[in-house]
Amino acid sequence: MTTAVAAPFRFFSLQVVRTRRLGPSLVRVTFAGPDLAFFHSHGRDQSLSLFLPHPGQSEPAVPVELGDGWWQGWRELPDDVRAVMRSYTLRALRRDALGNTTEIDIDFVLHGMEPGATAPAGPASRWASRASTGDRVQLLGPAIADNRAIRFRPPEDTDLVLIWGDETALPAASAILESLPAGTRARVWLEVHDPGAVQDLATQADAEVTWLVQDESSAEGSPMALGALREAQLPPAERPYVWIAGESACVKQLRRHFVGERGIDRRRVTFVGYWRQGLTEEQLREQE
């Protein structure tokens, strides 16, 4: 049994069981393993920490045997040995007849591997692009279903759900849409780099989804999203709830729009910066 870290999260030793290309820059990787019997989540925008091996390693180097001391032990490993850590969102999970989790899906955006990309691919994109059955990873994830790594929490009196996400937030936004009960009114804006990333999203909600496809001249975090939202005619609502996720600067700009220009109560706006333009995840973590 894998060493627990600290409730409500623990490590899970997993293996790739299959992969599926969803578009030019998106691949879905399915993981399984006996540890998943202890994996519990309500889904939605469940955040996870994924640890990947370097090329040539058979498994990621994470000192899980240190229990609560794993973080310091991991930081002290040499750069070319220490597992690559990246934050991802749970896209989906499947359970057996007893309610135990048997598989989970994580969608990877292949940054730097899109047609015409100018920036080099990062280690997670390279790993996901060649992931194959049997590849081993470590996952730091939820041991209880209702945990602080789920950010989408609309108040019970919500009468309109508003969602914006860029390509990195697409898995979370898709999972949120799937979780919305029938009759829920929702307006959704999703910004992607390539028309091939546009998907048919399943939902029982009364949802209107608008896809924003950046042209080649658009920069990351471009004003496309703000322009689209300013032009949008929202249905009347007394108690809307907003969820925004993606590039940090763009997310903050959109939050100001909803609170300052739309007059939505800031306490009913959830905003999450998944990445920051010009910074790696390591550099972003050092600033936290």
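Trainee: What makes the reach from the side chain of Arg 187 to the backbone oxygen of Gln 233 a polar contact?

Mentor: The distance is 3.1 Å, and a polar contact is a pair of N or O atoms within 3.5 Å, where within protein one must be able to donate a hydrogen and the other to accept it, and residues adjacent in sequence count only if both atoms are side-chain atoms. The side chain of Glu 208 also makes a polar contact with the side chain of Arg 187, at 3.3 Å. This is a predicted model, in which local features need pLDDT of at least 70, side-chain atom pairs count only at pLDDT 80 or more, and totals for chains, interfaces and linings use all residues. Side-chain values use heavy atoms, without hydrogens and water, and residues are numbered from 1 along each chain as its sequence is written.

Trainee: Good to know! Why is Arg 187 called buried?

Mentor: Its relative accessibility is 10%, and buried means under 20% relative accessible area, exposed over 50%, partly exposed in between (1.4 Å probe, protein chains only). So Arg 187 counts as buried.

Trainee: Which residues is Arg 187 in contact with, leaving aside neighbours within four places in sequence?

Mentor: Among them are Val 161, Ile 163, Thr 210 and Pro 235; contact means heavy atoms within 4.5 Å.

Trainee: And why is strand β7 described as largely enclosed?

Mentor: Because six of its seven residues, 136–142, are buried. A strand here is a DSSP run (E, at least two residues), numbered from the N terminus.

Trainee: How do you know that β2 and β7 pair?

Mentor: Pairing needs at least two bridges found by DSSP, and these strands have seven, in the antiparallel sense. Phe 9 has Pro 142 as its bridge partner in β7.

Note on methods:
Helix = DSSP H or I, 4+ residues; strand = E, 2+ residues; numbered from the N terminus.
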